[in-house]
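Reader: Could you walk me through the labels on this model and show what each one rests on?

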Amino acid sequence: MDIFSSLHLSRRRLIGAAVALPFTASVVRAADPSLSFDLYGKFGVLGLEFSDKVKRLAGQEISMKGFMAPPLKAEAQFFVLTEVPMSLCPFCSSDADWPDNIVVVYLLEKQTFVQPRQTIEVRGRLEYGSWTDPETGFVSLLRIRQAEYFSV
């Protein structure tokens, strides 16, 4: 009889967990907002304007999937995230060869870089607005800071 009552309790817990799972998943999604490469809302007189979603997520922890452009050097602590695989180094070609929707990723700590065709997911704090890196002189409009990434 004790075996059956413990099974009943387990079944009860299982059913409770199954009922709570959709709510738990939505809480997790809300805590980890993701951003796609639909970065711009419109093209105005001053040029491209960031989308409302980019503006709303600024300063928050986000995740974003894309591809790592070939880094400037192997020990660099930053790279460029692109929507499509790029075989060109962003520092070795003109800006005409590059899409508008790139994001500069500043790593929390150095990580081993991956091949340009490997899909990665980046997590970090989103920033937007023009900023010049004092060490490299690289100008960016959109950045993910204190980031880490992993292959997906």
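Author: Gladly; here are the terms, each set beside its values. This is a predicted model, in which local features need pLDDT of at least 70, side-chain atom pairs count only at pLDDT 80 or more, and totals for chains, interfaces and linings use all residues. Residues are numbered from 1 along each chain as its sequence is written, and side-chain values use heavy atoms, with hydrogens and water left out.

Reader: What makes strand 6 and strand 7 a pair?

Author: Two strands pair if DSSP finds at least two bridges between them. Strand 6 (residues 119–132) and strand 7 (residues 139–151) share 10 bridges in the antiparallel sense, so they count as a pair. Strands themselves are DSSP runs of E, at least two residues long, numbered from the N terminus.

Reader: Where do these strands sit in the barrel order?

Author: The barrel closes from 5 strands in the order 3-4-5-7-6, with mixed pairing. Neighbouring strands of this sheet are turned by 55° against each other on average, direction ignored; the axes behind that angle are lines fitted to C-alpha atoms.

Reader: Why is serine 140 called buried?

Author: Buried means under 20% relative accessible area, exposed over 50%, and partly exposed in between, with a 1.4 Å probe and protein chains only. Serine 140 has 4% relative accessibility, so it counts as buried. This serine 140 belongs to strand 7.

Reader: What makes the link between serine 140 and arginine 143 a polar contact?

Author: The term needs a pair of N or O atoms within 3.5 Å; within protein, one must be able to donate a hydrogen and the other to accept it, and residues adjacent in sequence count only if both atoms are side-chain atoms. The side chains of serine 140 and arginine 143 are joined at 3.0 Å, so the label applies. Beyond four places in sequence, serine 140 is also in contact (heavy atoms within 4.5 Å) with Val104, Gly129, Ser130 and Trp131.

Reader: How do you know whether asparagine 101 is buried or exposed?

Author: Its relative accessibility is 14%, so asparagine 101 counts as buried. Asparagine 101 lies in the loop between strand 4 (78–82) and strand 5 (103–107). Its side chain makes a polar contact of 2.8 Å with that of glutamate 83. Among the residues that asparagine 101 touches are Phe37, Leu39 and Tyr40.

Reader: And what joins strand 1 to strand 2?

Author: A hairpin connects them through 2 residues. Strand 1 (residues 40–44) and strand 2 (residues 47–50) run antiparallel with 4 bridges, including glycine 44 with glycine 47.

Conventions
Axes fitted to C-alpha atoms, helices over the stretch in contact; angles between N-to-C directions.
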